[in-house]
Every structure is written in C-alpha cells, then in structure tokens.
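These are my notebook entries on what I looked up in one structure.

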Amino acid sequence: MQKSVNLLKMSLKFIDIGANLTDPMFRGLYGGSQKHQDDLELVLNRSWLQGLQKMIITVGTLNEADEALTMAAKDERLFVTMGCHPTRCGEFVNNPDQYYEGLRTKISTNLNKVVAIGECGLDYDRLHFCEKDTQKLYFEKQLQLAEEFKLPLFLHCRNSHEDFMEILTRNRSKLDACGGGVVHSFTGTLEEAKQVIDFHPNLYIGLNGCSLKTEDNLNVVSKIPNDRIMLETDCPWCGIRPSHGGSKLVQTKFPTVKKKDKWTAESLIDGRCEPCQIIQVLEVIAGVKDQPCDKLADIFYENTVKLFFSKTK
C-alpha cells in the first residue's frame, strides 16, 4: 500500500507560481554570512524529482531582473515575473520614467521568459518601506505594462483589500486586456476571496504555507473554488511550520537539518522553504477540502497553464 501511495505522489505534476530563487539563501548566504555552499542546483533538482514541471521566479525589483533572467535562460522549465513589489515602489520615485522604461525593456527583450507582470500591488503591513500613496501610484502604473504586453498579473495584497480592489475596478479594461492574474500568497477573509473571484473570471487565488497558518485560514481555503486556485511556495519563505494550523495535514516529510552549518546535500534546512515542499501545500488543501490530492493537483496545474502558459502549451 505504501508503495502505491509513493508512486502516486511521484506522478503528481506541479507548477510553482512564486519562487524567490534569487534570494541569497539559495547561495548559502544568511544575513550576509556564508553558512554553506551554493546549493541552488541541488534545490532545483530536488524540485524536479518531486514533480515540478515549471517554476516562475518572482522578480520584485528591477535590480533582481538580470539575475532572474540569467537563471531562467539556463533551464526551459524556469520563467519569471517582471515588476516592482509594493514595498520597493520607492525605487520609482527619483526617475519614474526611467524605472518604468527599465521594466518595459526587460519585458520586451525577454518575452520568451517573462510570463507575468509583477510582483505588484499593495502592502499596508510594511509601510515603513514605502508609504501608501507611492504604492498606489506605481501599482496602477504597472497595470499599463500588463495591458501593453498582454501578460497576466502576479499580484500582492496585504492588509489593503479595499484600495487594491478600487484600483483594479478603475482599471478593469486593463485586466481584460491582459487576461487576468493571480492574487498570490492569499491570507485574506472569505469575503475578500469572493470579491476577488467575482470581480473577474480570470482572477485566481495563490496559496502557500502563509495561506494555511490559522484555523480561520484553513476555513477560507476550504471554500475557495478549485478552479480558482493555484499553488506556490513563495520560497525561501512561507514554509508550513509545526505551529501552523495546516501542519497536521502534511503527509510528505523531507530530511531536514536544524542548523545551517550542518547542511548536507540531501537535506532541507529548517526555516528555509524549498519548491519541493509544494506537495505539502497541496496535501493541506486536500485535507481541508477532503478531496484526493491527485484530482486537485490536476485542476491546479491546468488553472496555472491556462493563465500563464496557454500560448506555449
């Protein structure tokens, strides 16, 4: 019986829509200190073995673009978003036109790899990085890129739902033109999820470990329609911790070391999420919905292909 379960898990297909692969942690750097060797290739190989078919590398600032594009150019399974995270929108301020054209050029010269505009949106939990008016101005500005290049949006909304929806409503024509998007790392209420889903037929909800922390989170996830869900890890962040509500539903465990300087090639590092852990996100969602993992994996995979890869399927 155990053998058949393992075979089933290995047959599942995934696309991680949000992987921060340019984070220094995947180079062995933590707070500027080298704790272990660069293990990005090992991390990637582990993910492919776990059933990842594609990964979308999240770009949150123009400064990350070249590293992400260089990484993606080395593997046909890697793609990128292109945009400015709300907490980094202050980077626009000194020369808005130049920064916008910088993003625009990266997109226009890499259309084989850029599959979404973002990460863009609003984040009112971290206003010490960038104040509200600046965030709103340059979130709306980036919607023009989505409209021009007909690329879907990779969206961020944290404690800012009302302003977020107001901007999308005002720019409904741009959302229609670009084909929709996904509100990634969703942690909002059920009412907020319904407003997102009802607003546009091609707006999806991205779920990761941060979406599965509390019993309230799990209740919301249980009620989101399957045909509007996508999976992500947001690695190296948003792993499912033992203290999280969803942890009791995790079935797949990986060898893990507690201390970074005890790193081994075969082990994950406690506190650093990897793309291979996307299986755990699926298992929690399947648990709260009381539905089979294989059925949900197929649905979430097709949702993702439809939004980001239908032109290249």
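**Rings.** I paired the rings of Phe, Tyr and Trp (its six-membered ring) if their centres lie within 6.5 Å, and I called planes under 30 degrees apart stacked, over 60 edge-to-face and the rest tilted. The model is predicted, so I kept to its limits: local features need pLDDT of at least 70, side-chain atom pairs count only at pLDDT 80 or more, and totals for chains, interfaces and linings use all residues. Residues are numbered from 1 along each chain as its sequence is written, and side-chain values use heavy atoms, with hydrogens and water left out.

By the ring rule I count 5 aromatic pairs. One of them is the stacked pair of Phe-139 and Phe-164, with 5.6 Å from centre to centre and 5° between the planes. Phe-139 belongs to helix α5 and Phe-164 to helix α6, so this pair ties together parts that are 25 residues apart in sequence; helices here are DSSP runs of H or I with at least four residues, strands are runs of E with at least two, and both are numbered from the N terminus. For burial I took under 20% relative accessible area as buried, over 50% as exposed and anything in between as partly exposed, with a 1.4 Å probe and protein chains only. Phe-139 is buried at 0% relative accessibility, and Phe-164 is likewise buried at 0%. Elsewhere, ring pairs link Phe-79, Phe-308 and Phe-309 into a cluster.

**Charges over rings.** Lys-132 lies over the face of Tyr-124, at 4.6 Å from the ring centre, and the charged end of Arg-228 sits over the ring of Tyr-204, 5.9 Å from its centre.

**Salt bridges.** My search of the whole structure found 17 salt bridges, each being a side-chain nitrogen of Lys or Arg within 4 Å of a carboxyl oxygen of Asp or Glu. I looked at Arg-170, which bridges to Glu-140 at 2.5 Å, N to O. Because Arg-170 lies in helix α6 (residues 161-170) and Glu-140 in helix α5 (residues 132-149), the pair ties together parts that are 30 residues apart in sequence. Arg-170 also forms a salt bridge with Glu-166, at 2.2 Å, N to O. In helix α6, Arg-170 and Glu-166 are 4 residues apart, about one helical turn. Arg-170 is partly exposed at 46%, as is Glu-166 at 40%. Salt bridges that share partners also join Asp-39, Arg-46, Arg-272 and Glu-274 into one network.

I then checked Arg-104 and Glu-101, whose side chains meet in a salt bridge of 3.9 Å, N to O. Both lie in helix α4 (residues 96-108), 3 residues apart. An α-helix has 3.6 residues a turn, so residues three or four places apart point the same way. Arg-104 is partly exposed at 27%, and Glu-101 is partly exposed at 38%.

**Cysteines.** Which cysteines are joined by a disulfide? Taking a disulfide as a pair of cysteine sulfur atoms within 2.5 Å, I count 1 disulfide, which joins Cys-210 to Cys-238 with 2.4 Å from S to S. The link is left-handed, with -95° about the S-S bond. Cys-210 is in the loop between β9 (203-207) and α9 (215-223), whereas Cys-238, 28 residues away, is in the loop between β10 (229-231) and β11 (256-257). Both Cys-210 and Cys-238 are buried. Cys-84 is in no disulfide, the nearest cysteine sulfur being that of Cys-89, 4.2 Å away. For Cys-273, the closest cysteine sulfur, in Cys-235, is 5.7 Å away and therefore too far for a bond.

I found 10 of the 12 residues of α10 buried, including Ile-278 and Lys-289. Just after α10, Asp-290 takes a positive phi of about 55°. Ile-278 is also one of the contacts of Leu-52, along with Phe-14, Ile-15, Asp-16, Ser-47 and Pro-275, if I leave out residues up to four places away in sequence and take contact as heavy atoms within 4.5 Å. Leu-52 lies in strand β4 (residues 52-57) and is buried at 3% relative accessibility.

Definitions and conventions. Lys NZ or Arg CZ within 6 Å of the ring centre and 35° of its normal.
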